[in-house]
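This report looks at a few local features of one model, beginning with a ligand site and moving on to a strand pairing and a helix contact. Please keep the sequence and the structure in view while reading.

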Amino acid sequence: MTTTTTSPVLTATGVTMRFGGLTAVQSVDLDVHPGEIVGLIGPNGAGKTTFFNCLTGLYIPTEGSVAYEGTVLPPKPHLVTQAGIARTFQNIRLFANMTVLENVLVGRHTRTKEGLWSALLRGPGFKRAEAASKARAMELLEFTGLADKADHLSRNLPYGEQRKLEIARALASDPGLLLLDEPTAGMNPQETRATEELVFAIRDLGTAVLVIEHDMRFIFNLCDRVAVLVQGQKLVEGTSEVVQSDERVIAAYLGTPFEGAPGAEEAAEVEAAEAGASEAGATTGAPQDETQRGTTARTEDGQ
Ligand SMILES: Nc1ncnc2c1ncn2[C@@H]1O[C@H](COP(=O)(O)OP(=O)(O)OP(=O)(O)O)[C@@H](O)[C@H]1O
Ligand SMILES: [Mg+2]
């Protein structure tokens, strides 16, 4: 369901991230509306994870702003989580020596109001809050299919279940927007399909989702809208159908230049010059065709 008439949960405006001379993300605008699942795709090194890091306060963007439900967020991870954005990481980040349940409880702490003294004195308020947190964490483990592993150490879970546990932990902060960075990386087809169902269920319970993935079938099945990042810039944004059939997207993945790409002008000039030379060759009858093809192929490979 695409609900473009409602006000966005996420508004990223002109987000730019530079590392020294490298511009990893350049003037990216992106909105996510309530009830939406939005995909973010692009070749390796396109800037997808860097963009997530800018959204979640892990990086302070060089330029631009990030707003949650219309309020601009300070670039501090705990404040971003508190506001309502949760995430998972491309490289799983769990507490390996804690149990599955404890990992989810850690994700819950931004939503518990009991203070330090209450925790130290373990008074009735703390015990009530602790019981409520535990009940909510168990609910999330049921939801993600990990309830029977609640007491296992997280490091003993198979890889696919560790990814699910990351999602359960992120959901523990009751987010309005969940950011998933390659949630199906390393999964087999059955696990990928189960993750697809899980993301739909998360959306159906009222959490909007922004997801990075290289698995195109997963992305195009799942997403109401897809944005394509190439060399830090948003190249195309639209429905799965629109994005799938966009020649620039195909070109970006195949590594061939697209109109407006850095270097595209030079490549066009080379092509034009070659076409001219080829025509000249044809009129003189000189056997230049093979040479020309060889030159063109080398030019494309070098992009
Ligand atoms: N902390 C950093 N310092 C310097 N350069 C960085 C940093 N983080 C990312 N980069 C660079 O920014 C660019 C974008 O990287 P990023 O990890 O965001 O890509 P990605 O789209 O997530 O790629 P992948 O699909 O491989 O995960 C890369 O050239 C990367 O080397
Ligand atoms: Mg990445």
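The sections below take these features in turn, and the model they describe is a predicted one.

The residues around ligand 1 are Phe19, Leu22 and Ala24, then Gly42 and the run Asn44, Gly45, Ala46, Gly47, Lys48, Thr49 and Thr50, together with Gln90. Two or more residues of this shell are given by each of β2 (22-32) and α1 (48-55), and α1 supplies the largest share, with three residues.

Sorted by class, the shell around ligand 1 holds seven polar residues, four nonpolar ones and one charged one.

## Packing of α3 against α6

Helix α3, residues 100-108, packs with helix α6, residues 159-171, at an angle of about 35°, and their axes are 7 Å apart; the crossing of α3 and α6 is right-handed.

On the α3 side the contact involves Val100, Asn103, Val104, Val106 and Gly107, which meet Leu165, Ala168, Arg169 and Ala170 of α6. By class, the contact of α3 with α6 comprises six nonpolar residues, two polar ones and one charged one.

Methods: Residues are numbered from 1 along each chain as its sequence is written. Chains are lettered from A and ligands numbered from 1 in the order in which they are written. This is a predicted model: local features need pLDDT of at least 70, side-chain atom pairs count only at pLDDT 80 or more; totals for chains, interfaces and linings use all residues. A residue is near a molecule or strand if its C-beta atom, placed from the backbone, lies within 6 Å of it. Helices (H or I, at least four residues) and strands (E, at least two) are DSSP runs, numbered from the N terminus. Ala, Val, Leu, Ile, Met, Phe, Trp, Tyr, Cys and Pro count as nonpolar, Asp, Glu, Lys and Arg as charged, and the others, Gly among them, as polar. Axes are lines fitted to C-alpha atoms, for helices over the stretch in contact, and angles run from 0 to 180 degrees between N-to-C directions. A crossing is left-handed if the near helix is turned anticlockwise from the far one by less than a right angle, and right-handed if clockwise. Two residues are in contact if their C-beta atoms, placed from the backbone, lie within 7 Å.
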